[in-house]
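Reader: Please take me through this structure, one question at a time.

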Amino acid sequence: LYNRSGTALVLGGWRINGFGYTFAAGATLGPGEALVVVPFDPTVDAEQAADFRNFYALEPAVQLLGPAGGQLRDTGETIKLMRPDRPSEMAGYVVVDQVAYDNRLPWPAAAAGVGQSLQRTALDSFGGLASSWIAASPTPGAASLVLTGNVNHDGRIDGLDVDPFVARLVSGTFDATADMNGDGQINGLDV
(Lines give C-alpha, C1' and ligand atoms only; values in the text may rest on other atoms or scores of the structure.)
Protein backbone atom coordinates (compact mmCIF):
# COMPACT_ATOMS: atom_id res chain seq x y z
CA LEU A 1 0.00 0.00 0.00
CA TYR A 2 1.45 3.35 -1.00
CA ASN A 3 0.26 6.79 0.10
CA ARG A 4 0.58 9.07 -2.92
CA SER A 5 -1.18 11.96 -1.18
CA GLY A 6 0.44 14.88 0.60
CA THR A 7 -1.08 14.05 3.98
CA ALA A 8 -0.86 11.14 6.40
CA LEU A 9 -3.55 8.47 6.16
CA VAL A 10 -5.10 7.25 9.39
CA LEU A 11 -5.70 3.58 8.58
CA GLY A 12 -7.25 2.38 11.85
CA GLY A 13 -10.32 0.30 10.93
CA TRP A 14 -9.48 0.11 7.21
CA ARG A 15 -9.45 -3.42 5.84
CA ILE A 16 -8.35 -5.46 2.88
CA ASN A 17 -11.24 -7.69 1.90
CA GLY A 18 -10.11 -10.82 0.14
CA PHE A 19 -6.85 -10.89 2.07
CA GLY A 20 -8.23 -11.02 5.60
CA TYR A 21 -6.61 -7.98 7.15
CA THR A 22 -7.97 -5.11 9.24
CA PHE A 23 -5.64 -2.25 10.19
CA ALA A 24 -5.29 -1.74 13.94
CA ALA A 25 -6.31 1.49 15.64
CA GLY A 26 -3.45 3.96 15.40
CA ALA A 27 -2.08 2.60 12.12
CA THR A 28 -0.94 5.45 9.85
CA LEU A 29 0.83 5.85 6.54
CA GLY A 30 2.70 9.08 5.94
CA PRO A 31 2.86 10.95 2.61
CA GLY A 32 5.02 9.09 0.11
CA GLU A 33 5.35 6.09 2.45
CA ALA A 34 4.63 2.45 1.73
CA LEU A 35 3.65 -0.56 3.79
CA VAL A 36 3.39 -4.27 3.13
CA VAL A 37 0.80 -6.56 4.74
CA VAL A 38 2.26 -10.02 5.31
CA PRO A 39 0.78 -13.37 6.42
CA PHE A 40 2.82 -13.43 9.65
CA ASP A 41 3.07 -11.07 12.62
CA PRO A 42 6.29 -9.09 12.10
CA THR A 43 6.27 -7.83 15.70
CA VAL A 44 6.25 -11.40 17.04
CA ASP A 45 8.39 -13.13 14.42
CA ALA A 46 11.31 -10.74 14.01
CA GLU A 47 13.43 -13.40 12.28
CA GLN A 48 10.80 -14.00 9.58
CA ALA A 49 10.38 -10.23 9.18
CA ALA A 50 14.15 -9.82 8.73
CA ASP A 51 14.22 -12.69 6.21
CA PHE A 52 11.35 -11.10 4.27
CA ARG A 53 13.05 -7.70 4.25
CA ASN A 54 16.35 -9.22 3.12
CA PHE A 55 14.80 -11.41 0.41
CA TYR A 56 12.92 -8.49 -1.16
CA ALA A 57 15.53 -5.82 -0.30
CA LEU A 58 12.89 -3.72 1.48
CA GLU A 59 13.89 -0.26 2.58
CA PRO A 60 13.89 0.12 6.39
CA ALA A 61 11.20 2.82 6.12
CA VAL A 62 8.67 0.35 4.63
CA GLN A 63 6.29 -0.79 7.36
CA LEU A 64 5.50 -4.50 7.69
CA LEU A 65 2.08 -5.22 9.15
CA GLY A 66 0.35 -8.51 9.80
CA PRO A 67 -0.75 -11.13 10.11
CA ALA A 68 -3.17 -11.25 7.22
CA GLY A 69 -5.55 -14.16 7.54
CA GLY A 70 -5.95 -14.77 3.83
CA GLN A 71 -3.84 -15.71 0.88
CA LEU A 72 -3.87 -14.25 -2.62
CA ARG A 73 -5.00 -16.87 -5.13
CA ASP A 74 -3.01 -17.47 -8.30
CA THR A 75 -6.26 -18.15 -10.19
CA GLY A 76 -7.69 -14.70 -9.44
CA GLU A 77 -10.12 -13.06 -7.05
CA THR A 78 -11.38 -9.65 -5.96
CA ILE A 79 -9.35 -7.66 -3.44
CA LYS A 80 -10.81 -4.45 -1.97
CA LEU A 81 -9.16 -1.78 0.13
CA MET A 82 -11.99 -0.38 2.25
CA ARG A 83 -12.21 2.41 4.79
CA PRO A 84 -14.91 3.09 7.36
CA ASP A 85 -17.53 5.48 6.03
CA ARG A 86 -17.67 7.29 9.36
CA PRO A 87 -14.61 6.27 11.39
CA SER A 88 -16.07 7.25 14.74
CA GLU A 89 -19.11 4.99 14.24
CA MET A 90 -17.81 2.17 11.98
CA ALA A 91 -21.22 2.44 10.30
CA GLY A 92 -20.23 1.01 6.94
CA TYR A 93 -17.36 0.80 4.50
CA VAL A 94 -16.40 2.64 1.33
CA VAL A 95 -14.26 1.02 -1.35
CA VAL A 96 -11.03 3.03 -1.74
CA ASP A 97 -9.58 0.78 -4.44
CA GLN A 98 -10.13 -2.68 -5.79
CA VAL A 99 -8.81 -5.18 -8.26
CA ALA A 100 -10.64 -8.21 -9.64
CA TYR A 101 -7.68 -10.01 -11.19
CA ASP A 102 -7.62 -13.27 -13.11
CA ASN A 103 -5.13 -15.76 -14.51
CA ARG A 104 -6.56 -15.50 -18.04
CA LEU A 105 -6.24 -12.85 -20.73
CA PRO A 106 -6.23 -9.90 -20.67
CA TRP A 107 -4.41 -10.37 -17.34
CA PRO A 108 -0.65 -11.08 -17.54
CA ALA A 109 -0.15 -14.88 -17.44
CA ALA A 110 3.34 -14.57 -15.92
CA ALA A 111 1.81 -13.37 -12.64
CA ALA A 112 -0.29 -16.52 -12.22
CA GLY A 113 1.84 -18.36 -9.68
CA VAL A 114 5.03 -18.61 -11.73
CA GLY A 115 7.24 -16.14 -9.88
CA GLN A 116 6.19 -12.71 -11.08
CA SER A 117 3.65 -10.42 -9.45
CA LEU A 118 1.04 -7.98 -10.67
CA GLN A 119 2.32 -4.41 -10.57
CA ARG A 120 0.53 -1.18 -11.37
CA THR A 121 1.60 0.74 -14.44
CA ALA A 122 0.74 4.09 -12.81
CA LEU A 123 -0.07 5.13 -9.24
CA ASP A 124 -3.31 6.74 -10.36
CA SER A 125 -4.45 3.94 -12.68
CA PHE A 126 -7.79 2.29 -11.94
CA GLY A 127 -7.17 -0.97 -10.12
CA GLY A 128 -10.10 -2.76 -11.74
CA LEU A 129 -8.67 -2.66 -15.27
CA ALA A 130 -6.28 -5.36 -16.51
CA SER A 131 -4.55 -2.69 -18.60
CA SER A 132 -3.47 -1.02 -15.32
CA TRP A 133 -1.27 -3.98 -14.45
CA ILE A 134 1.79 -5.82 -15.77
CA ALA A 135 3.70 -8.90 -14.65
CA ALA A 136 7.14 -8.12 -13.21
CA SER A 137 9.55 -9.32 -10.53
CA PRO A 138 8.04 -8.80 -7.06
CA THR A 139 8.95 -5.48 -5.45
CA PRO A 140 6.84 -5.25 -2.27
CA GLY A 141 6.85 -1.82 -0.67
CA ALA A 142 8.23 -0.10 -3.75
CA ALA A 143 6.23 2.58 -5.48
CA SER A 144 8.41 2.48 -8.56
CA LEU A 145 6.44 1.99 -11.71
CA VAL A 146 7.23 0.22 -14.92
CA LEU A 147 6.76 2.47 -17.92
CA THR A 148 5.95 -0.04 -20.63
CA GLY A 149 7.81 0.91 -23.80
CA ASN A 150 10.59 2.75 -21.97
CA VAL A 151 13.04 -0.04 -22.74
CA ASN A 152 16.19 2.10 -22.39
CA HIS A 153 14.94 3.35 -18.98
CA ASP A 154 15.39 7.06 -19.70
CA GLY A 155 11.86 7.99 -18.60
CA ARG A 156 10.57 8.56 -22.16
CA ILE A 157 9.05 6.35 -24.82
CA ASP A 158 10.68 7.27 -28.14
CA GLY A 159 12.78 5.95 -31.02
CA LEU A 160 15.72 5.38 -28.70
CA ASP A 161 13.78 2.45 -27.20
CA VAL A 162 13.72 0.46 -30.47
CA ASP A 163 17.27 -0.95 -30.39
CA PRO A 164 17.08 -2.08 -26.72
CA PHE A 165 13.68 -3.65 -27.45
CA VAL A 166 15.07 -5.61 -30.41
CA ALA A 167 18.06 -6.70 -28.30
CA ARG A 168 15.73 -8.12 -25.63
CA LEU A 169 13.51 -9.72 -28.26
CA VAL A 170 16.48 -11.47 -29.89
CA SER A 171 18.20 -12.50 -26.64
CA GLY A 172 15.03 -13.55 -24.81
CA THR A 173 16.04 -11.42 -21.82
CA PHE A 174 12.88 -10.48 -19.90
CA ASP A 175 12.35 -6.82 -19.08
CA ALA A 176 8.85 -5.72 -18.12
CA THR A 177 9.31 -2.45 -20.03
CA ALA A 178 9.58 -4.45 -23.28
CA ASP A 179 6.50 -6.58 -22.55
CA MET A 180 4.09 -4.35 -24.47
CA ASN A 181 1.06 -6.62 -24.17
CA GLY A 182 1.69 -7.59 -20.54
CA ASP A 183 1.68 -11.35 -21.09
CA GLY A 184 4.96 -11.92 -19.25
CA GLN A 185 6.91 -12.69 -22.43
CA ILE A 186 8.88 -10.71 -24.96
CA ASN A 187 8.01 -11.91 -28.43
CA GLY A 188 6.53 -10.85 -31.76
CA LEU A 189 3.19 -10.08 -30.10
CA ASP A 190 4.85 -7.08 -28.41
CA VAL A 191 5.66 -5.35 -31.72
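Author: Helices (H or I, at least four residues) and strands (E, at least two) are DSSP runs, numbered from the N terminus. The model is predicted, so local features need pLDDT of at least 70 and side-chain atom pairs count only at pLDDT 80 or more, while totals for chains, interfaces and linings use all residues. Residues are numbered from 1 along each chain as its sequence is written, and side-chain values use heavy atoms, with hydrogens and water left out.

Reader: In which helix is Val 166 found?

Author: Along the sequence, the pattern is β-β-β-β-β-α-β-β-β-β-β-α, which comes to two helices and ten strands. Residues 162–171, Val 166 among them, make up helix 2.

Reader: Is Val 166 buried, partly exposed or exposed?

Author: Buried means under 20% relative accessible area and exposed over 50%, with partly exposed in between (1.4 Å probe, protein chains only). Val 166 has a relative accessible area of 38%, so it counts as partly exposed.

Reader: How many residues has the largest nonpolar core?

Author: A nonpolar core is a set of buried Ala, Val, Leu, Ile, Met, Phe, Trp, Tyr and Cys residues joined through side-chain atoms within 4.5 Å. Leu 11, Ile 16, Phe 23, Leu 35 and Val 37 have the most contacts inside the largest one, and its residues number 19.

Reader: Which strands each supply at least two residues of this core?

Author: Contact means heavy atoms within 4.5 Å. Val 37 touches Ile 16, Phe 19, Tyr 21, Phe 23, Leu 65 and Ala 68, leaving aside residues up to four places away in sequence. The strands with at least two residues each in the core are strand 5 (35–37), strand 7 (76–84) and strand 8 (93–102).

Reader: Why does Ser 132 count as buried?

Author: Ser 132 lies in the loop between strand 9 (117–120) and strand 10 (133–136). Beyond four places in sequence, Ser 132 touches Gln 119, Arg 120, Thr 121, Ser 125 and Phe 126. Ser 132 counts as buried because its relative accessibility is 5%.

Reader: What is the bridge partner of Arg 120 in strand 10?

Author: Two strands pair if DSSP finds at least two bridges between them. Strands 9 and 10 run antiparallel and are joined by four bridges. Both faces of strand 10 are covered, with Trp 133 and Ala 135 buried on one side and Ile 134 and Ala 136 buried on the other. Within strand 10, the bridge partner of Arg 120 is Trp 133.

Reader: What share of the residues in the chain is buried?

Author: The chain has 191 residues. Its buried share is 36%.
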